[in-house]
Each structure stands twice: as C-alpha cells, then as structure tokens.
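Here are my notes for you to read with the model open. Take the points one at a time and find each spot as you go.

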Amino acid sequence: MSKFFGYLLSPLFYFSFGLSLCIFHPIQWVCYRFFGYKAHKISVDILNFFLTYSQIFLFNSVSFKNEYNLPTDRPIIFTSNHQSMYDIPSLIWFLRKHSAKFISKIELTKGIPSISINLRLGGGANIDRKDNKQAISEILKLGRRMKDNNWSTVIFPEGTRAKDGLLKTFQFGGIATLLKTVPNALVVPIAIENSWKIVRFGMYPLTTGHALRWTVLKPIEPSEKTPTEIILEIETEIKKVIGQSVT
C-alpha cells in the first residue's frame, strides 16, 4: 500500500522539493554576495526547513529528539549513520544553531540547484575520494574553520548510505583527522531511523507513511578515549537505537 500511494504522491513531493531548490538558488547567491556568510546561512537554514517538511506530501512524519543540553560555545563533531539523501536537510535544519558543516563529494559542487552553491560557499569540506591527499587536506582545513568560527561538522563514518538500513562498519579516520585540528570538539552521536525506507524502490516511487526519526545520543568527551574507542562506542549505541544486534 505504501508503494501504491508512492506512485500517486511522489510527484507532489518532488515538485515541492525541486521548487524549493530552484527558488533558493538565487536567494543564496544574493545573500552571500551582498550580505555575507550570516545571511547566506539563514537562507540555507530556511531552505532546509522546506526540504525537511516536504515529507508531508508523502505522509511521512519527522521528529528530532534531543535530551542533552549541547554547548553552542564549543565545536561539535556530530557522528551519524546514513540511510538516504533525505537525512541531510533535516540535520542541517535541526542542528542549525550549531552551524553544522558536511564532508561531501567534490562532484556535488556542480550542477545541482541550491545544493552545489551551498557546498561551494558554506564552509564544508569537498573531497575527491580518488585523491587521499586532497581529502585529508580538505578535512584539516575544515577542522581549522571549526576552531576559528566555532562551527560543528556532521560526518557519516559508514562512508556511504546504508540502503537497507543496516549499519555498515564505521571507520575512525574522519574523527581522527578532525580531532587533530579541533581536539576540544565534543563528539555527539545521532541515530537516524527509517529514512532508508523512503527510497527502498529507488527514486520512484518513493514510499509513504513512515516515522522518520533523528535521535541525539549521549555526548562523548574525546580526551578520554582514542578515535577507535569513540567510533566503536558510537556504532554500538546507534545499533541499539535502530534495533540492530550488537556483535
């Protein structure tokens, strides 16, 4: 039934999602060109509000649970599982007060309305996965921007989306590289549930009637653990939330 309604409702979702991207593309450029970074960030936050709640056209609910008083005067490395491209707008919107940046494929910096311009201007790291030296250099630069501007970053240690919702093995390299530059950053895990179900049949039809959840888990002080220990703890805690057995 979810697939059946997906055939009917996916065009409405794509119209809303695509229209938001097209409208905010020139808005972002104007904000950045004439008013600077802060105005650009506000435009990006508002864009991602509309992208997040485009899910109503698929009758998908969106919830963000955070029981922790996260600091705003300290960089944070948010570390999350990754299930679909629809994880990202919600992370940008819900973490907006932390100025969360992303590590993205350099290929995404061209050709996509709103998204590409934000990746070029927003301050994240755009890496070439075929060039390990360039990738490490970009992540280190991001770490310095985090330190200088009190920004935060979202990383996906799986490296790619888990299309069946099951966690892939987490890699510690991203956290280790960032912590070299921002050793005072707090590490905060986030568990994402059910967004993989939207695209279980690919780009069309999208499926409907899911409870999409983002849950902030207990923060970790990196000074007390090695990067490997941090990643293992994050992986274990996220598995508990999404109902995957811990081995």
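1. Let's start with a pocket. The second largest pocket has a volume of about 160 Å³. Keep in mind that you're looking at a predicted model, so this goes for every point below.

2. Who lines that pocket? Around the second largest pocket you'll find Gln83, Ser84 and Met85, then Arg161 and Lys163, and finally Trp196, Val199, Arg200, Gly202 and Met203. Sort the lining of the second largest pocket by class and you get 4 nonpolar, 3 polar and 3 charged residues.

3. How many cavities of 30 Å³ or more does the structure hold? There is 1. The largest cavity has about 40 Å³ of space in it.

4. As for class, the lining of the largest cavity splits into 5 nonpolar and 3 polar residues, with no charged ones.

5. H2 comes up again in a helix pair. Helix H1 (residues 2–35) packs with H2 at an angle of about 170 degrees, and their axes are 8 Å apart. What do we call that arrangement of H1 and H2? Angles over 145 degrees count as roughly antiparallel, and therefore H1 and H2 are roughly antiparallel to each other.

6. Zoom in on where these two helices touch. From H1 come Phe17, Ser20, Leu21, Phe24, Ile27, Gln28, Cys31, Tyr32 and Phe35, and they meet Tyr37, Ala39, His40, Ser43, Val44, Ile46, Leu47, Phe50 and Leu51 of H2. By class, the H1 contact with H2 has 14 nonpolar and 4 polar residues, and no charged ones.

7. One more pair to find: helix H6 (residues 173–181) and helix H8 (residues 227–242). Their axes come within 9 Å and cross at roughly 130 degrees, which makes H6 oblique to H8. The crossing of H6 and H8 is right-handed.

8. Which residues make this contact? On the H6 side they are Ile175, Ala176 and Leu179, and on the H8 side Pro227, Ile230, Ile231 and Ile234. The contact of H6 with H8 has 7 nonpolar residues, no polar and no charged.

Conventions:
Residues are numbered from 1 along each chain as its sequence is written. This is a predicted model: local features need pLDDT of at least 70, side-chain atom pairs count only at pLDDT 80 or more; totals for chains, interfaces and linings use all residues. Side-chain values use heavy atoms; hydrogens and water are left out. Axes are lines fitted to C-alpha atoms, for helices over the stretch in contact, and angles run from 0 to 180 degrees between N-to-C directions. Helices (H or I, at least four residues) and strands (E, at least two) are DSSP runs, numbered from the N terminus. Angles under 35 degrees count as roughly parallel, over 145 as roughly antiparallel, 65 to 115 as roughly perpendicular and the rest as oblique. A crossing is left-handed if the near helix is turned anticlockwise from the far one by less than a right angle, and right-handed if clockwise. Contact means heavy atoms within 4.5 Å. Ala, Val, Leu, Ile, Met, Phe, Trp, Tyr, Cys and Pro count as nonpolar, Asp, Glu, Lys and Arg as charged, and the others, Gly among them, as polar. On a 1 Å grid over the protein atoms alone, a cavity is a set of points where a 1.4 Å probe fits but cannot get out, and a pocket is an open set with protein on both sides within 12 Å along at least five of seven lines; lining residues have an atom within 4 Å of a point. Grid points are joined across faces, edges and corners, and a volume is the space filled by probe spheres set on the points.
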